[in-house]
Amino acid sequence: TLDSTRSVFIGNLPYKANEMTLRKHFKDGCDWDDDDDDVIEGVRIVRDKNTMQCKGFGYLLLKDKSFVPQALTMHESTYMKRDIR
């Protein structure tokens with residue numbers, strides 16, 4: 001089940017975005033401890049069903065809603081030469 005209180009919308013993603021590098025971008029940018037390896041439960045990039053190309057947005061699902069404010073500090077951070085929202 002999807003818990004919207006632990007989910008963060010990510011917009012303005014580049015077409016070449018991928019789940020692994022987006023996860024790393026948030027883990028590094030939020031400065032979560034190595035003990036917090038499982039802070040990010042999932043990364044979902046919405047893709048075109050035919051081309052599998054990123055549609056420009058996605059979602060980050062966090063372990064607990066207490067991590068959401070820290071993830072929101074990544075607003076306007078640069079990921080693959082794009083300022084994400």
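Me: Where does Ile-84 sit?
Reply: Ile-84 is in the segment after strand 5. Strands are DSSP runs of E with at least two residues, helices are runs of H or I with at least four, and both are numbered from the N terminus.

Me: What am I looking at, and how is it numbered?
Reply: This is a predicted model, where local features need pLDDT of at least 70, side-chain atom pairs count only at pLDDT 80 or more, and totals for chains, interfaces and linings use all residues. Residues are numbered from 1 along each chain as its sequence is written, and side-chain values use heavy atoms, with hydrogens and water left out.

Me: Back to Ile-84. Buried or exposed?
Reply: Ile-84 has 1% relative accessibility, so it counts as buried. The cut-offs are under 20% relative accessible area for buried, over 50% for exposed, and partly exposed in between, with a 1.4 Å probe and protein chains only.

Me: What does Ile-84 touch?
Reply: Skipping residues up to four places away in sequence, Ile-84 touches Ile-10, Gly-11, Asn-12, Leu-13, His-25, Phe-26, Met-74, His-75, Glu-76, Ser-77 and Tyr-79. A contact means heavy atoms within 4.5 Å. Gly-11 is 73 residues from Ile-84 along the chain, yet their C-alpha atoms are 5.7 Å apart.

Me: What are the spans along the principal axes?
Reply: The C-alpha trace spans about 35 × 30 × 20 Å.

Me: How many contacts join residues at least 24 apart?
Reply: The share is 63%, among contacts between residues at least 6 apart in sequence.

Me: Which residues lead the largest nonpolar core?
Reply: Leu-13, Leu-22, Phe-26, Trp-32, Leu-60 and Leu-62 touch the most other members of that 21-residue core. At least two core residues come from each of strand 1 (7-11), helix 1 (19-29), strand 2 (40-47), strand 3 (54-62) and helix 2 (68-72). A nonpolar core is a set of buried Ala, Val, Leu, Ile, Met, Phe, Trp, Tyr and Cys residues joined through side-chain atoms within 4.5 Å. In soluble globular proteins, nonpolar side chains tend to be buried together.

Me: Take Trp-32. Where is it found?
Reply: Trp-32 is in the loop between helix 1 and strand 2. Its relative accessible area is 6%, so Trp-32 is buried. Leaving aside neighbours within four places in sequence, its contacts are Phe-26, Lys-27, Val-39, Ile-40, Leu-62, Phe-67, Gln-70 and Ala-71.

Me: And what does Leu-62 touch?
Reply: Leu-62 touches Trp-32, along with Arg-6, Val-8, Val-39, Ile-40, Glu-41, Phe-67, Val-68 and Ala-71. Residues up to four places away in sequence are not counted there.

Me: New topic: Cys-54. Which strand does it lie in?
Reply: Cys-54 lies in strand 3. With 2% relative accessibility, Cys-54 counts as buried. Tyr-15 is 39 residues from Cys-54 along the chain, with their C-alpha atoms separated by 4.7 Å. Beyond four places in sequence, Cys-54 touches Leu-13, Pro-14, Tyr-15, Ala-17, Ile-45, Val-46 and Arg-47.

Me: Backbone check. What is phi of Met-80?
Reply: Phi of Met-80 is near 50°, a positive value in a residue other than glycine. Lys-81 also has a positive phi, near 65°. Most residues other than glycine have a negative phi.

Me: Where does Met-80 lie?
Reply: Met-80 lies in the loop between strand 4 (78-79) and strand 5 (82-83). Lys-81 lies in the loop between strand 4 and strand 5 too.

Me: Is Lys-81 buried or exposed?
Reply: Lys-81 counts as exposed, at 81% relative accessibility. Met-80 counts as partly exposed, at 39%.
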